[in-house]
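I opened my notebook to look up a few things in this structure. Here is what I wrote down as I went.

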Amino acid sequence: MSSHKKFLKLGAAALLAGAASVASAETIKIALAGPVTGPVAQYGDMQMIGSKMAIQKINEAGGVNGAQLEGIVYDDACDPKQAVAVANKVVNDGISFVVGHLCSSSTQPASDVYEDEGILMVTAASTSPDITTRGYQMVFRTIGLDSHQGPVAGNYIADKIKPGNVAIIHDKQQYGEGIATSVKTTLEEKGVNVVMFEGITSGDKDFSSLIAKLQKANVDFVYYGGYHPELGLILRQSAEKGFKAQFMGPEGVGNNDINAIAGPASEGLLVTLPPSFDKNPANADLVKSFVDVGQDASGAFVLTAYSAVQVLADAMVKTGGTDTDAMQKAMREMNFSTPTGDIQFDEKGDLKQFDFVVYNWHQDGSKTEAK
Amino acid sequence: MLEAFLYFIQQILNGLTIGSTYALIAIGYTMVYGIIGMINFAHGEVYMIGTYVSFVVIAGLTMLGIEYVPIIILAALTIAIIVSSSFGWAIERTAYRPLRGANRLIPLISAIGMSIFLQNFVVNAQGARDVAIPPMISGGWTFGTENFQASLSYMQLIIFIATFICMSALTLFISKSRMGRACRAVAEDIKMANLLGINTNRVISATFVIGASLAAVAGLLLGLYYGVANPHIGFIAGLKAFTAAVLGGIGSIPGAMLGGIILGLTESLTAAYISSEWKDAVSFSLLVLILLFKPTGLLGKQEVEKV
């Protein structure tokens, strides 16, 4: 909350100073990069509404150092090639700040460009550990890592479900395979019997062979590392084939589209998600602002994106300018008070702490915490 | 022992299902190639449009309160065929006919352009996200032991039957009808056929329309089977069907049927006994192998290069 007050004070100061310097109504541009189209556009929406709301709130409070923020949307369609094109466009457009990208496989190649060009990037959704293990200075994230999420899922499976035969399926992409491997490691440490570890092709529609294989291996628990379009079809086809097992996935499967695809078969799916920050009473006013404009703040990346913008703005205030190098140094020292809690970054640019929670997903798109 | 056998049967059934639909789409590639010697790269999009149209019809009729499934499916089938074949016809009119007689590369590029246009057209008109319909035909037969149950769903059976009917009808049409005879004549020698008074433009249009109708049937069947579509499904389906057509011998109709079935079975058996990860790698290696030893494909015949 303190930072909100800080903005208010700044806003008042800006108003007073504004009379003198109306002419220099400069704006600080922030690139909002993520999938606006394509199969995972729904997650892009979450990121966009969160970051736009943050920009709006900060501007209403007077902006940053007297300047207004302006968000400019870039669409990478979750495609690594387009992500690099977007990164180059951001460079050409002379923008120094990026909130994004969303898919880890997009963030990774795009961040190479940002690091080289001294553009400060904060991703609100990419959870692949590889992104921050390259010693980059300009790359931050306001979400946890697969290496945090995997153990949460693995421990839940081993301690609460205690299944007989586990199969781990992934989509061979950076995000999906990374998290699947992390779950596998945890399960094997705990002595759970993993009978199958297999990749599928992202974009595939027919999983009948895979399901027959799962049936034959007497699998009673399936962990899927990947996104909802494939898992939705696997759930639907499993139900049609009469294959009954408990399914679980990472936050990449947790959105309403999976209900449309899988229908009743999505009931009871287990999902690891960032905690429901929108349920935190401290965020009630903010959540209401989303509701007032007909938006949903409960998406997994809405408030992490809000925090990403706020972190950038706070660092601008702290350093009194927009020098990205000074800002990245300051960000590693600062404490940020955001809707996703009080956060601090470590040397790599990761959050010092971020907890994932296991939820039961329901066929109407709602979720309840799994006990 | 019995279990292993049932598992094998199950995978064969799965492979035949997917293979049948590859074959239906592959016909469109192979017929167009047989007649004008070009690959219609926009054909996958025609299949995608077929799926979308059937989804729209199914959703529309369900909203109107019609619940009798055969009526809904017949209506979806009819409208999907009409719309898709209009697209097939229009693709030929706009991307091929104006370029007739031009260098062979040029219509190829215009077809790829058409494919990109159609994909983006559907993205803009229907949204880029997955659209889904609830299962229309559920249930089936299961057989087996307690440990493993093989199943054949009604939907799979419908796919087999529909493919069989379409293929038989097409074979009859090509071998017996007047238009079919004209098609074969044009495929053999387009200039000669023209000289002998066959309206070759009409024959070429008919080829695109027939290919598109079969793609629409595949679109409806796969739409019902998977229940999900997005504007990009045409690309992968088109690639697979094209592979099937090349495998069987492009230009040959029985070859497309055979190629589709072989591709479907290879995919399903690889997924079953090796790993889903290797599905595409094995299928495409098979394609390379067959082309190495039999460059015209399994049932293709040696052809004089058309100029």
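**Entry 1: a buried glutamine**

First, a definition I need: a polar contact is a pair of N or O atoms within 3.5 Å. I note that the model is predicted.

I looked up B:Q156. Its place is helix α5 of chain B, residues 154–176. Is B:Q156 buried or exposed? Its relative accessible area is 0%, so B:Q156 counts as buried. I then checked its side chain. That side chain makes a polar contact with the side chain of B:N14, at 3.3 Å. This is inside the 3.5 Å cut-off.

Next I listed what B:Q156 touches, leaving aside neighbours within four places in sequence. In chain B the contacts are B:L13, B:N14, B:T17, B:S151 and B:Y225. B:Q156 is also in contact with A:K241, from chain A.

**Entry 2: where the chains meet**

How many residues of chain A are in contact with chain B? I found 33 residues of chain A in contact with 33 residues of chain B. The size of an interface is often given as the accessible area lost when the parts come together. Here the two chains bury about 2800 Å² between them. Of that area, 48% is on carbon and sulfur atoms. In chain A, the residues that lose the most area to chain B are A:K205, A:K216 and A:R236. Together they give 21% of what that side buries.

I looked for charged pairs across the interface. The count between chain A and chain B is 1 salt bridge. B:K279 and A:D204 meet in a salt bridge through their side chains, at 2.6 Å from N to O. I also found 12 residue pairs in polar contact across the interface.

Which elements of chain A give two or more residues to the side that touches chain B? They are α2 (41–60), β7 (194–199), α7 (208–216), α8 (228–241) and α9 (257–262). The largest share, 7 residues, comes from α7(A). I sorted the residues of this side by kind: 9 are nonpolar, 12 polar and 12 charged.

**Entry 3: a helix in chain B**

I turned to helix α2 of chain B, residues 43–63. This helix has 21 residues. From its first C-alpha to its last it reaches 30 Å, close to the 30 Å expected at 1.5 Å a residue. Most of α2(B) is covered, with 16 of its 21 residues buried. After the helix comes B:G65, with a positive phi near 95°.

Most residues other than glycine have a negative phi, and most peptide bonds are trans. I looked for exceptions.

A:N65 is not a glycine, yet its phi is positive, about 50°. A:N65 sits in the loop between α2 and β2 (68–75) of chain A. Its relative accessible area is 34%, so A:N65 is partly exposed.

A:N218 also has a positive phi, near 55°. Its loop runs between α7 and β8 (221–225) of chain A. A:N218 counts as partly exposed, at 44% relative accessibility.

Which residues does a cis peptide bond join? It joins A:G100 and A:H101, with omega about -10°. A:H101 is in the loop between β3 (97–99) and α4 (104–117) of chain A.

**Entry 4: salt bridges**

Side chains of opposite charge can pair when their charged atoms come close. I counted 18 salt bridges over all chains. I looked up some of them.

B:K240 forms a salt bridge with B:E267, with the closest N and O atoms 3.2 Å apart. B:K240 lies in helix α9 of chain B and B:E267 in helix α10 (253–273), so the pair ties together parts 27 residues apart in sequence. Both residues are buried. In chain A, salt bridges that share partners join A:R141, A:K348 and A:D350 into one network.

A:K89 and A:D93 form another salt bridge, at 3.3 Å from N to O. A:K89 is partly exposed, at 44% relative accessibility. A:D93 is partly exposed too, at 35%.

Key. Residues numbered from 1 in each chain as written. Chains lettered and ligands numbered in written order. Predicted model: local features only at pLDDT ≥ 70, side-chain atom pairs only at ≥ 80, totals over all residues. Heavy atoms only, no water. Helix = DSSP H or I, 4+ residues; strand = E, 2+ residues; numbered from the N terminus. Expected span 1.5 Å × (residues − 1). Buried < 20%, exposed > 50% of the residue type's maximum accessible area, 1.4 Å probe, protein only. Contact = heavy atoms within 4.5 Å. Buried area = accessible area lost by both parts, 1.4 Å probe. Salt bridge = Lys/Arg side-chain N within 4 Å of Asp/Glu carboxyl O. Polar contact = N/O pair within 3.5 Å; in protein donor to acceptor, adjacent residues only side chain to side chain. Nonpolar A, V, L, I, M, F, W, Y, C, P; charged D, E, K, R; others polar.
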